[in-house]
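This report is meant for a reader meeting the structure for the first time. Please look over the sequence and the model shown here before reading on.

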Amino acid sequence: MKDFLKQNGILILIIALLLALITAVMSLLLGGIANPFANLAGVVATPFRNGIHAVVEWTEGLYSDAFEREQMAQELEALRQENAQLRAQAREGEAASRENERLRDLLEFQQKHSWLDKEPATVTARGSSNWASTLTVSKGSASGVEAGNCVIDQYGNLVGVISEVGLNWSTLITVVDVDLEMGALIARTDGAAILEGDFALMGQGRLKLTYLPEGTQLLAGDAILTSGLRSGGTATYPSGLVVGYVEQIRSDDSGMSDYAVLTPAAALDSLEQVFIIKDFEVTE
């Protein structure tokens with residue numbers, strides 16, 4: 001190899017100079033176009049550069065997607081927490097609104113029914129029998145409650161009558177119970193009739209109005225009130241309590257007389273608080 005270089009060194013140098021000269025001349029002649037050697041190098045290197053660039057872009061895309069997903073997850077979690085807080089605030093607001101409404105109703109009730117000696121009580125149980133419609137409340141003989149006392153809701157609607165009394169509890173039959181029977185007044189005509197529970201109607205949450213005055217033309221929606229009929233000279237319950245509203249008129253099995261089906265004015269299925277009337281003023 002050394003001998004070859006010694007013998008051909010000058011020739012190699014001349015060839016190198018000629019190649020350099022040719023390259024320079026071609027660069028001048030091509031006017032900015034890459035010379036063949038540079039072009040060849042670029043052709044060979046371009047796929048590698050493109051591949052490297054693609055890998056870099058792919059990696060950046062993955063990072064960007066991961067970052068965006070993480071950011072979206074954080075924003076979604078923040079929205080969930082905010083939504084939960086808003087729901088909680090809404091529930092609190094609704095509860096406060098219901099409580100305010102209950103207190104307003106209670107105040108109005110107390111003002112309208114100041115002539116009644118009332119004992120507030122909470123409904124603690126509902127009768128599960130198919131043969132009766134009863135409620136258990138949280139006041140009994142210790143609070144002066146007696147059997148036969150009327151029970152009303154916060155609007156003054158009749159709920160039922162106390163049937164059994166314990167020390168700190170009482171059971172009442174509701175206005176739809178089959179054992180209920182009391183005098184009634186038709187508010188629009190002032191006609192007298194009788195309120196009765198009915199087994200078939202009890203299952204529908206209804207009661208009936210019987211012994212209708214002759215010639216009475218009842219209308220759907222007519223209000224039916226307690227009459228306050230006396231037994232032995234003593235009023236057993238106050239008059240003027242709303243019991244229910246006429247839903248429809250039917251004929252009995254014999255077809256000889258009519259009766260009215262009533263919808264109770266009190267929401268028997270959802271009552272939470274009631275008032276037991278222990279005493280009242282009799283108005284002539």
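The text below turns to the strands and then to the aromatic side chains.

The model is a predicted one, and within it 6 strands close into a barrel, taken in the order 1-2-5-4-3-14, with antiparallel pairing. From one strand to the next, the twist averages 45°. Strand 1, which covers residues 116–126, and strand 2, which covers residues 134–137, are paired in the antiparallel sense over 3 bridges, and V123 has V137 in strand 2 as its bridge partner.

How many aromatic pairs does the structure hold? There is 1 aromatic pair, and the ring centres of W131 and F199 lie 5.1 Å apart with their planes at 25°, so this pair is stacked, given that planes under 30 degrees apart count as stacked. The pair links distant parts of the chain, since W131 sits in the loop between strand 1 and strand 2 while F199 belongs to helix 3 (residues 199–202), 68 residues apart.

The table sets out the accessibility of the two residues.

| Residue | Relative accessibility | Class |
|---|---|---|
| W131 | 65% | exposed |
| F199 | 44% | partly exposed |

W131 counts as exposed because its relative accessibility is 65% and the exposed class is over 50%, whereas F199, at 44%, counts as partly exposed.

A further contact involves a ring and a charged side chain: K208 lies over the face of Y259, at 5.2 Å from the ring centre.

Note on methods
Residues are numbered from 1 along each chain as its sequence is written. This is a predicted model: local features need pLDDT of at least 70, side-chain atom pairs count only at pLDDT 80 or more; totals for chains, interfaces and linings use all residues. Side-chain values use heavy atoms; hydrogens and water are left out. Two strands pair if DSSP finds at least two bridges between them. Helices (H or I, at least four residues) and strands (E, at least two) are DSSP runs, numbered from the N terminus. Axes are lines fitted to C-alpha atoms, for helices over the stretch in contact, and angles run from 0 to 180 degrees between N-to-C directions. Rings of Phe, Tyr and Trp (its six-membered ring) pair if their centres lie within 6.5 Å; planes under 30 degrees apart count as stacked, over 60 as edge-to-face and the rest as tilted. Buried means under 20% relative accessible area, exposed over 50%, partly exposed in between (1.4 Å probe, protein chains only). A charge sits over a ring if NZ of Lys or CZ of Arg is within 6 Å of the ring centre and within 35 degrees of the ring normal.
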